[in-house]
Amino acid sequence: MTLAILQSAELIQQGAEARVYRAQLHPSQPPIIVKHRFSKKYRHPSLDISLTRSRIIGEARALLRCLKMGITVPGIRFVDADEGLLGIELIEGPSIRRVLGGGAEAEEEEDSAVPATTESTDMEQSNEHEDLLETLGLAKNDLMTMIGKELGKMHTADVIHGDLTTSNMMLRSIASEKESKPQIVLIDFGLSFQSSMVEDKAVDLYVLERAFNSTHPESESLFQIVLDSYAKEIGKAWVPTKRRLDEVRLRGRKRSMVG
């Protein structure tokens, strides 16, 4: 697979580390998402090549591990580490940030199948998330429970996301008889790594908690539902994880006080 695939692709997102495109491998096949980690001129060429390869391979491995362990993530369509390309399944649906009424999508939503759009009026933004939940037949509490369960499965598989935000979660509708509810799909594993350490899992949760607080005001009760569902999913492992999460929160508050 070469960079030629990008010639006819549509640019969706531009980030500091990568560009994200909507592309097609073949006219008869559905479109996919292609992440291109482009060359960084400020880095030494050999270091740049090494870092690009390791990050593409690392992201692909994280996705494969999640898929193997039954965690809902985009499927992999191709990997070209030499060119810095990763092709993944296009997820049709809104981000959780959009569903919860968090405003315009953040730049970090690189794997999202939803391209950035022009800003709507304040009235439209306040009503949009209510319409989305009603259309999907979901209550916010149900949505939080689904998120907690998926995160619990991910951490049980010892996968640390590294950038958990509501922009990096998609809501995909399932039209089969077996699945009566939409699915939470975790995306953008560019900063992910594998670890069994309680500290890493607690920090992962703390990052998401901070994202909830900054993006979704008055969301403390919602995030608690996420944690309750997460605790139920991981069982006995919640006790040490909860203890470490409290410690991480305390460290975070101290940093905030110091400035």
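A residue counts as buried when its relative accessible area is under 20%. The exercises below apply this cut-off and others to a predicted model.

**Exercise 1. Overall composition**

Task: State what share of the protein chain is buried, and how many helices and strands the chain contains.

Solution: 
- Step 1. The protein chain has 259 residues, and 49% of them are buried.
- Step 2. Its secondary structure comes to 7 helices and 9 strands.
- Step 3. Of the contacts with a separation of 6 or more, 65% join residues 24 or more positions apart.

**Exercise 2. The packing of helix 4 on helix 5**

Task: Determine how helix 4 is oriented relative to helix 5, and which residues of the two helices meet.

Solution: 
- Step 1. Helix 4 covers residues 140-156 and helix 5 covers residues 198-215; their axes come within 11 Å and cross at roughly 155 degrees.
- Step 2. Because of this angle, helix 4 is roughly antiparallel to helix 5, the cut-off for that description being over 145 degrees.
- Step 3. The crossing of these two helices is right-handed.
- Step 4. From helix 4, M144, L151, M154 and H155 take part, and they meet K201, D204, L205, L208 and F212 of helix 5.

**Exercise 3. The packing of helix 5 on helix 6**

Task: Carry out the corresponding analysis for helix 5 and helix 6.

Solution: 
- Step 1. Helix 6 spans residues 220-234; its axis lies 10 Å from that of helix 5, and the packing angle is about 155 degrees.
- Step 2. Helix 5 and helix 6 are therefore roughly antiparallel to each other.
- Step 3. Their crossing is right-handed.
- Step 4. Helix 5 contributes K201, L205, L208, E209 and F212, while helix 6 contributes L222, F223, V226, L227 and Y230.
- Step 5. The contact of helix 5 with helix 6 contains 8 nonpolar residues, no polar ones and 2 charged ones.

**Exercise 4. Helix lengths**

Task: Compare the end-to-end span of helix 4, helix 6 and helix 1 with the value expected at 1.5 Å a residue.

Solution: 
- Step 1. Helix 4 has 17 residues and should span 24 Å; its end C-alpha atoms are 24 Å apart, so the two values agree.
- Step 2. Helix 6, with 15 residues, reaches 21 Å from its first C-alpha to its last, close to the expected 21 Å.
- Step 3. Helix 1 (residues 45-68) has 24 residues and reaches 34 Å, close to the expected 34 Å.

**Exercise 5. Buried faces of the helices**

Task: Identify the buried residues of helix 1 and helix 6, and locate the elements against which those of helix 1 pack.

Solution: 
- Step 1. In helix 1, the buried residues are D48, T52, I56, E59, A60, A62, L63 and C66.
- Step 2. These pack against strand 3 (32-36), strand 4 (76-80), strand 5 (85-89) and strand 6.
- Step 3. In helix 6, the buried residues include L222, F223, V226, L227 and Y230, which also belong to the contact with helix 5.

**Exercise 6. Two glutamates compared**

Task: Classify E150 and E247 as buried, partly exposed or exposed.

Solution: 
- Step 1. E150 lies in helix 4, and E247 lies in helix 7 (residues 238-258).
- Step 2. E150 has a relative accessibility of 7% and therefore counts as buried.
- Step 3. Apart from neighbours within four places in sequence, E150 contacts G70, I71, T72, I184 and L186.
- Step 4. E247 has a relative accessible area of 37% and is therefore partly exposed.
- Step 5. The C-alpha atom of E247 is separated by 9.8 Å from that of V203, 44 residues away along the chain.

**Exercise 7. Positive phi angles**

Task: Find the residues with positive phi that follow helix 4, helix 6 and helix 1, and examine D188.

Solution: 
- Step 1. Most residues other than glycine have a negative phi.
- Step 2. D158 is not a glycine, yet its phi is positive, at about 65 degrees; D158 occupies the loop between helix 4 and strand 6 (159-160).
- Step 3. D188, likewise a residue other than glycine, has a positive phi near 55 degrees.
- Step 4. D188 is placed in the loop between strand 8 (183-186) and strand 9 (193-194), and with a relative accessible area of 8% D188 is buried.

Methods. Residues numbered from 1 in each chain as written. Predicted model: local features only at pLDDT ≥ 70, side-chain atom pairs only at ≥ 80, totals over all residues. Heavy atoms only, no water. Axes fitted to C-alpha atoms, helices over the stretch in contact; angles between N-to-C directions. Helix = DSSP H or I, 4+ residues; strand = E, 2+ residues; numbered from the N terminus. Parallel < 35°, antiparallel > 145°, perpendicular 65-115°, else oblique. Left-handed = near helix turned anticlockwise from the far one by under 90°. Contact = heavy atoms within 4.5 Å. Expected span 1.5 Å × (residues − 1). Buried < 20%, exposed > 50% of the residue type's maximum accessible area, 1.4 Å probe, protein only. Nonpolar A, V, L, I, M, F, W, Y, C, P; charged D, E, K, R; others polar.
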